[in-house]
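I opened the model today to look up a few strands and loops. My notes follow in the order I took them.

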Amino acid sequence: MRPFLGLARAESVAARAIAGLPEPVRRGLAGRPFHVDGATMDSQAQLILALRERMGAPPLDALTPAEARDLLRRDATTVAGPGPPVATHELTVDGATGPLRARHYRPPPGEPGPRPLLVYLHGGGHVSGDIDTHDVPCRSLCLHAGVHVVSVDYRRAPEHPFPAAVDDTVAAVRWAYAHAATLGADADRIAVGGDSAGGNLATVACQLLARAGERAPAAQLLVYPTTDRVGTYPSATSFAQGCYLTDADIDWYLTQYVGTTGHPLDDPRISPLLADNLTGLPPAVVVTAGFDPLRDEGEAYAHALRAAGTPTTLRRFPTLVHGFLCMAGGSRAARDATVEIAGTLRATLDLHSG
């Protein structure tokens, strides 16, 4: 039995109702506005967090990995929304040790020539999340960026600890180059991207492919990525509690991912900001949320990429929280941010193609 999924329908109805409320009403229900660093949290996002708390979302360290996965599915069902209608089909891609479940999203017809392809890695701390929890963001990126999307179910910890997910990501990018034409995509414009843990995997794959002298992706999309598990950052303290992702959550995810492997956390495959060489990497779109403990390390990575000569677009959405890509059904600001991210990815691929 999955204890959290039974609440998802009621929460989803409530989340849709939240999105339609006037701003003064939302503010009243959300409670005192949350102000930090001169910014105020989006009232819809704050109300989503309040609803989640009232529905009894437990701390991750009280859950098994299976229960944590169910909880993320519940959260996604609650606030992701229906997503735009784009054509999809299920497929498998090559992982490092065998086939991986994946889903192909095809952009609407009408534009001349084959469109780019985005290999997408879902968030969830390398433990939770799958291609279903991140279906709506992938639909939105497909439609609004005008790209094919292949969303990949890489192997997750703790059953498959580090570096299984990294190895699967590299294998999936290689698969994409080999099969882009079959999917109707442009093999010369393959991007890799993801959110949170998926952003970490995306940029690590770019580094590994570049250092190996292999064909690197045309662009990388990094949405509130984790980039440094060694350093300390002000945002990690400012938003340690009350902003969806907590400091305890981060520690729990990290323990599941690498805690039993003995790998040092300064390994660039875990902390890509600490790589000795950041030159020669694909153009990057780095996105952060204002109310996110990972905000500052994501922005530090963007600045490091720029310093190394990588064309980098950095966009902070100051009123939003970690995980906002999956909140479009309950937050208009999250929905608008996702559309903007898609447009930025499209522009990056068009600018740097060929």
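I count two strands as paired if DSSP finds at least two bridges between them. The model is predicted, and I read all of the entries below with that in mind.

**Entry 1: strand β8 and its partners.** I started from β8 and looked up its partner in β9. L222 stands opposite V286 in β9. Four bridges link β8 with β9 (residues 284-291), and the pairing is parallel. Next I checked β7 (residues 185-195). β7 runs parallel to β8, with five bridges joining them. A219 of β8 is the bridge partner of A191. I then followed the chain from β7 to β8: the path goes through helix α7 (residues 197-211), and this β-α-β crossover is right-handed.

**Entry 2: burial of β8.** Is β8 enclosed or open? I use under 20% relative accessible area as the cut-off for buried. Five of the five residues of β8 (residues 219-223) are buried, so the strand is largely enclosed by the rest of the structure. I also looked at side-chain direction. In a regular strand, side chains alternate between the two faces of the sheet. In β8, A219, L221 and V223 point one way. Q220 and L222 point the other way.

**Entry 3: H322.** I moved to the loop between β10 (312-321) and α11 (332-352), where H322 lies. Its relative accessibility is 5%, so H322 counts as buried. Which side chains make polar contacts with that of H322? I found S196 at 2.9 Å and D292 at 2.8 Å.

**Entry 4: S196.** S196 is not a glycine, yet its phi is positive, near 60°. At 10% relative accessibility, S196 counts as buried.

**Entry 5: H126.** I noted a positive phi here too, about 65°, and H126 is not a glycine. H126 sits in the loop between β5 (115-121) and α5 (135-145). Its relative accessibility is 6%, so H126 counts as buried.

**Entry 6: cis peptide bonds.** Where did I find cis bonds? One runs from A157 to P158, with omega near 0°. P158 is in the loop between β6 (148-152) and α6 (164-183). Another joins F162 and P163, with omega about 5°. P163 is also in the loop between β6 and α6.

Technical notes
Residues are numbered from 1 along each chain as its sequence is written. This is a predicted model: local features need pLDDT of at least 70, side-chain atom pairs count only at pLDDT 80 or more; totals for chains, interfaces and linings use all residues. Side-chain values use heavy atoms; hydrogens and water are left out. Buried means under 20% relative accessible area, exposed over 50%, partly exposed in between (1.4 Å probe, protein chains only). Helices (H or I, at least four residues) and strands (E, at least two) are DSSP runs, numbered from the N terminus. A crossover is right-handed if, with the strands pointing away from the viewer, the path from the first strand over the helix to the second runs clockwise. A polar contact is a pair of N or O atoms within 3.5 Å; within protein, one must be able to donate a hydrogen and the other to accept it, and residues adjacent in sequence count only if both atoms are side-chain atoms.
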